[in-house]
Amino acid sequence: MLALDEVKIEDSEKISSIYSSDDYTETRYSGNTKGTAQHLIEIANNSWQQGCEVEEKCFLPHMKTIMVNDVIMFVNHDDFEHNILVRGDSQYLHFPADVIRADEYFVYKFNVPGKYEYVCTLHPWMEGKITVER
Ligand SMILES: [Cu+2]
């Protein structure tokens, strides 16, 4: 288990390389903020296939705790399309885009504290959790 500071450094290095890389493009209708992401959640390669859920490795990391108004970057490292729907919500986090395609990312600002359980509706074994603290 890495210390929280090490995790943050690892996240910010990956985030800046994604922002600056030609290999990644922003999802067509991206996010609810122009802010820069502080946190990263990666859609794992091959998560379109059942099995990633056994070790909770469909979304990396499976659980994330952030502070209110923090911004998370979601990036798709898989070769297939995915989506992210918080349970109980009627719109995807990346609304109005219906999917995140391969090598796309979007950012989302969590401005309401609480526990968020989310799923990819295309591959319902893909689950993750975000806790937003005040
Ligand atoms: Cu999926």
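**View 1. Asp 98 is exposed, because 12 other C-beta atoms lie within 10 Å.** The model is predicted: local features need pLDDT of at least 70, side-chain atom pairs count only at pLDDT 80 or more, and totals for chains, interfaces and linings use all residues. Residues are numbered from 1 along each chain as its sequence is written. Asp 98 belongs to the loop between β6 (85-86) and β7. Strands (E, at least two residues) and helices (H or I, at least four) are DSSP runs, numbered from the N terminus. Leaving aside neighbours within four places in sequence, Asp 98 is in contact (C-beta atoms, placed from the backbone, within 7 Å) with Asn 83 and Tyr 92. Asn 83 is 15 residues from Asp 98 along the chain, and their C-alpha atoms are separated by 6.8 Å.

**View 2. An open sheet of five strands has the order β1-β7-β5-β2-β3.** Its pairing is mixed; two strands pair if DSSP finds at least two bridges between them. β1 (25-26) and β3 (59-60) stand at the edges with a single partner strand each, so one side of each has no neighbour in the sheet. β1 pairs with β7 (residues 104-109) in the parallel sense over two bridges, and Thr 25 has Glu 104 in β7 as its bridge partner.

**View 3. Strand β5 (residues 71-76) pairs with β2 and with β7.** With β2 (residues 39-43) the sense is parallel, over five bridges; Glu 42 has Val 75 in β5 as its bridge partner. With β7 the sense is antiparallel, also over five bridges, and the bridge partner of Val 71 is Lys 109 in β7. In a regular strand the side chains alternate between the two faces of the sheet. In β5, Val 71, Met 73 and Val 75 are buried on one side, and Ile 72, Phe 74 and Asn 76 are buried on the other.

**View 4. The largest nonpolar core holds 26 residues.** Such a core is a set of buried Ala, Val, Leu, Ile, Met, Phe, Trp, Tyr and Cys residues joined through C-beta atoms within 7 Å. Ala 37, Ile 72, Met 73, Phe 74, Val 107 and Tyr 108 touch the most other members. β2, β5 and β7 are the elements that give two or more residues to this core, and β5 gives the largest share, five residues. Not counting residues up to four places away in sequence, Met 73 touches Ile 15, Ile 18, Ala 37, Leu 40, Tyr 105 and Val 107.

How values were computed: A residue is buried if 20 or more other C-beta atoms lie within 10 Å of its own, exposed if 12 or fewer, and partly exposed in between; C-beta atoms are placed from the backbone. Two residues are in contact if their C-beta atoms, placed from the backbone, lie within 7 Å.
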